[in-house]
Structure formats: structure tokens, C-alpha cells
Amino acid sequence: MGTSVIISAVADERDAEQILKLQYLCYQSEAELYDDYTIEPLTQSLADLTAELGRGHALVARLGGEVVGSVRATVDADGTAHIGKLIVHPRMRRHGLGGRLLAAIEAHVAASLDAKRFRLFTGHRNETNLRLYRNRGYATVSQHQSTPKLTLITLEKEAESYATSA
């Protein structure tokens, strides 16, 4: 491609519009899996996304000036980092960018916010996400039937590897 993908340390409100457009594009396949186009990532407003960026931590992956990936996290009082909305542009998938973003947000929240564990969720039919998370050390801790068509699988892993490498 000529230009490498760079993961930026922090996304902010200046990135919000590009992230929202990418989020809408990326979650089409998720909506199709469950035949539900009312999922929150497809209905989130720019104002809501901007507020969400201000409440937590977000990283972006850029190819030149274009945002081609993003991930967000918040850390609660007990040290659990809630990771969400890991998105990669469809043309950039299957090249390791999702794994790089996941590792980058884990390292970021472990170092800056002293996260003790990482938790995330995905739909039961999303085998690509489940494979990525399990390959990165996550294990299923619960399942919750969200709608008649969707069971959310929550996965978690401890953050001890970051404590020893920091």
C-alpha cells in the first residue's frame, strides 16, 4: 500500500465523525448476522459518540489521514477494563489490525489506568470475533440472551502480563 497503518495513542472529538462513519460501515455485517439493524452502533449519534469518547479511552488506526480502525475502553472502580467497539475497515480485515488494536488498548489501560482485567462481549454468531478473542487469551465468563435472535457472550482475561512488562 505504500503507507503503513499507525495506531494513535488517543482518539478525540476531532476523530469522532470518521469513527462514526467507520462504525456504521463495520456494524452492517453484525446487523446482518442477527437480522437487526437497530443495534446501538448503527443508531448512535455523533453527539453520543463524542460524549462516549470523552468518558473513556479510544485508540484509532490511521492509514494516511483515514481512520481505518478504532477501539474504546473504560475502567471501572474494581479495575475491570471494559473494551468495546473494536472496528476495522472491511478492506483492512484479515491483516492483523484487529489484534493490534486489541493489544494496544489493553496495554494503554493497563499502563495508564492500572486495569486488573479486561472484559468484552460479542454476539454468539460472530465466529471471527470469538476466534480473535480466544486466540488472545480471553475465556467465556457468561452468556446473556439479549434478544430472541442474539445471545451476548462475555469474555475476560486477567491483565497480569502487563504488570510484569511495565
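Predicted model: local features only at pLDDT ≥ 70, side-chain atom pairs only at ≥ 80, totals over all residues.

Q: What makes β2 and β3 paired strands?

A: A strand is a DSSP run of E of at least two residues, while a helix is a run of H or I of at least four, each numbered from the N terminus. Two strands pair if DSSP finds at least two bridges between them. β2 and β3 are joined by seven bridges and run antiparallel, so they pass that test. The two form a hairpin with two residues between them, and G64 in the turn has a positive phi of about 65°.

Q: Why do β1 and β6 count as edge strands?

A: Look at the whole sheet: seven strands make an open arrangement in the order β1-β2-β3-β4-β5-β7-β6, with mixed pairing. β1 (5-8) and β6 (139-147) each have a single partner strand, so one side of each is left without a neighbour in the sheet. From one strand to the next, the twist averages 25°, where axes are lines fitted to C-alpha atoms (for helices over the stretch in contact) and angles between N-to-C directions run from 0 to 180 degrees.

Q: What makes β7 the partner of β6?

A: Seven bridges join β6 to β7 (residues 150-158), and the two run antiparallel. H144 stands opposite L152 in β7, and A139 has E156 as its bridge partner there. A hairpin of two residues connects β6 to β7.

Q: Is F121 buried or exposed, and how do you know?

A: Buried means under 20% relative accessible area and exposed over 50%, with partly exposed in between (1.4 Å probe, protein chains only). F121, in strand β5 (residues 117-123), has a relative accessible area of 52%, so F121 is exposed. Leaving aside neighbours within four places in sequence, F121 is in contact (heavy atoms within 4.5 Å) with L152, I153 and T154.

Q: Is Q23 buried or exposed, and what does its side chain reach?

A: Q23 lies in helix α1, and its relative accessibility is 0%, so Q23 counts as buried. The side chain of Q23 reaches the backbone oxygen of P41 at 2.8 Å, and 2.9 Å separates the polar partners in the side chains of Q23 and Q44. A polar contact is a pair of N or O atoms within 3.5 Å; within protein, one must be able to donate a hydrogen and the other to accept it, and residues adjacent in sequence count only if both atoms are side-chain atoms. Beyond four places in sequence, the contacts of Q23 include L42, L49, R72 and K85.

Q: Why is β2 called largely enclosed?

A: Five of the seven residues of β2 are buried, so the rest of the structure largely encloses this strand.

Q: How do you know that the buried residues of α3 line one face?

A: The buried residues of α3 are L49, E52 and L53. Seen down the helix axis, they fall within an arc of 100° (taken from the directions from the axis to the C-beta atoms), so they line one face. On the other side, A47, G54 and R55 are exposed. The buried residues pack against α1 (16-34), β2, β3 and β4.

Q: What makes a nonpolar core here, and which residues touch the most other members of the largest one?

A: A nonpolar core is a set of buried Ala, Val, Leu, Ile, Met, Phe, Trp, Tyr and Cys residues joined through side-chain atoms within 4.5 Å. The largest has 27 residues, and I83, L97, L102, F118 and Y138 touch the most other members. Its largest share, six residues, comes from α4. Apart from it lies another core, of 16 residues, among them L22, L42, L49 and L53.

Technical notes: Residues numbered from 1 in each chain as written. Heavy atoms only, no water.
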